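Biologist: Can you walk me through the helix contacts and ring pairs in this one? Here it is on screen.

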Amino acid sequence: MAKLTLKLLAHDYLLWVEANRSDSSFTGKQYTIQSFCKTVPENIKADAVTPAQVIRWAGKNRVSASTKHARIMALKVMFNWAVDMELLEKNPIGKTPMPT
């Protein structure tokens, strides 16, 4: 069985968010997750995403610590969802440090 790509994980998670969360929640998560996906190789496996990639992306465009925090949390939640759905064994960015 082929490993789950980040692109497919993002697609499946966003379908779930769209069906189970508010429109504004979906729109925000969609924008954030798609923004991250554009910064990594197109066919990267979901379990190959690293905290370093997330930190680099979260700090783009000289944003505030709270914006970095929100960006990282959106991705952590998506990966935690994948673990809960048994799509991944563990969250590859679970130990990503949060900005202070």
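Biologist: Before I go on, what should I know about the model?

Modeller: It's a predicted model, where local features need pLDDT of at least 70 and side-chain atom pairs count only at pLDDT 80 or more, while totals for chains, interfaces and linings use all residues. Residues are numbered from 1 along each chain as its sequence is written, and side-chain values use heavy atoms, with hydrogens and water left out.

Biologist: OK, at what angle do the axes of α3 and α4 cross?

Modeller: Roughly 140 degrees, with the axes of α3 (residues 51–58) and α4 (residues 65–84) coming within 9 Å. That makes α3 oblique to α4. Angles under 35 degrees count as roughly parallel, over 145 as roughly antiparallel, 65 to 115 as roughly perpendicular and the rest as oblique.

Biologist: And how do α1 and α2 cross?

Modeller: The axes of α1 (residues 6–20) and α2 (residues 23–37) cross at roughly 175 degrees and come within 10 Å. So α1 is roughly antiparallel to α2. Their contact has nine nonpolar, three polar and two charged residues.

Biologist: Switching to rings, how many aromatic pairs are there?

Modeller: Four aromatic pairs. Rings of Phe, Tyr and Trp (its six-membered ring) pair if their centres lie within 6.5 Å; planes under 30 degrees apart are stacked, over 60 edge-to-face, the rest tilted. Tyr13 and Trp16 are stacked, 6.4 Å centre to centre with 20 degrees between the planes.

Biologist: Where do Tyr13 and Trp16 sit in α1?

Modeller: They're three residues apart, so about one helical turn separates them. Tyr13 is buried at 2% relative accessibility, while Trp16 is partly exposed at 28%. Buried means under 20% relative accessible area, exposed over 50%, partly exposed in between (1.4 Å probe, protein chains only).

Biologist: What about Phe36 and Trp57?

Modeller: Their ring centres are 5.3 Å apart with planes at 70 degrees, so that pair is edge-to-face. Phe36 in α2 and Trp57 in α3 are 21 residues apart, and both are buried.

Note on methods: Axes are lines fitted to C-alpha atoms, for helices over the stretch in contact, and angles run from 0 to 180 degrees between N-to-C directions. Helices (H or I, at least four residues) and strands (E, at least two) are DSSP runs, numbered from the N terminus. Ala, Val, Leu, Ile, Met, Phe, Trp, Tyr, Cys and Pro count as nonpolar, Asp, Glu, Lys and Arg as charged, and the others, Gly among them, as polar.
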